[in-house]
Amino acid sequence: MIGDRKAMFDPKKNPSLEHMEVALFLASAFIKRADTTLTPDMPLASLQSEVVNERGAAINHRHTEFHNEQVGFFGFFRTSTIPRYQGAVGHSVGWWVAGRGMTAIRGR
């Protein structure tokens, strides 16, 4: 699925990106296997991880110019059913949009 998202965000495959800035935010969680004992010196690479939250953000400069509003957008929302992971990337999307001068964010 991540490969599909990368293709969607590739300007060579999606011409609308010529007038947009986009970002994809992912959060991963490390999964402890039942047969593994965690130790302080264990390398993280030895643990299995999975994406638990995904969100995309975009600034459409044509929209901004036409509507005369500084708004960013979010979407591509996918999250874990585990409550502690559900907000993992939400703030990052807001900070990314605000860091590019936007004063509002909309999504679906």
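"Buried" here means under 20% relative accessible area. I wrote that down before anything else, then opened the model, which is a predicted one.

**Entry 1: the whole chain**
I looked up how much is tucked away: of the 108 residues, 29% count as buried. The accessible surface comes to about 7500 Å², and 55% of that belongs to carbon and sulfur atoms.

**Entry 2: the elements**
I found three helices and four strands. Going from the N terminus, I read the order as α-β-β-α-β-α-β. Then I checked the contacts with a separation of 6 or more, and 65% of them are between residues 24 or more positions apart.

**Entry 3: the core**
Which residues make up the largest nonpolar core? I got twelve, among them Phe25, Val52, Ile59, Trp96 and Met102. Strand S1 (20-31), strand S2 (48-60) and helix H3 (90-98) each supply at least two residues of this core. S1 gives the largest share, with four residues.

Is Thr64 buried or exposed? I located Thr64 in helix H2 (residues 61-67). Its relative accessible area is 10%, so Thr64 is buried, given the cut-off of under 20%. Leaving aside neighbours within four places in sequence, Thr64 is in contact with Ile59, Glu69, Gln70, Val71 and Met102. I noticed that Ile59 and Met102 are also on my core list.

Thr103 was next, and I found it in the loop between H3 and strand S4 (104-107). Its relative accessible area is 71%, so Thr103 is exposed, as the cut-off for that is over 50%. I also checked Thr103 against Gln70: they are 33 residues apart along the chain, yet 5.6 Å separates their C-alpha atoms.

Notes. Residues numbered from 1 in each chain as written. Predicted model: local features only at pLDDT ≥ 70, side-chain atom pairs only at ≥ 80, totals over all residues. Heavy atoms only, no water. Core = buried A, V, L, I, M, F, W, Y, C linked by side-chain atoms within 4.5 Å. Buried < 20%, exposed > 50% of the residue type's maximum accessible area, 1.4 Å probe, protein only. Contact = heavy atoms within 4.5 Å. Areas by Shrake-Rupley, 256 points an atom, 1.4 Å probe, with all protein chains shown as cover.
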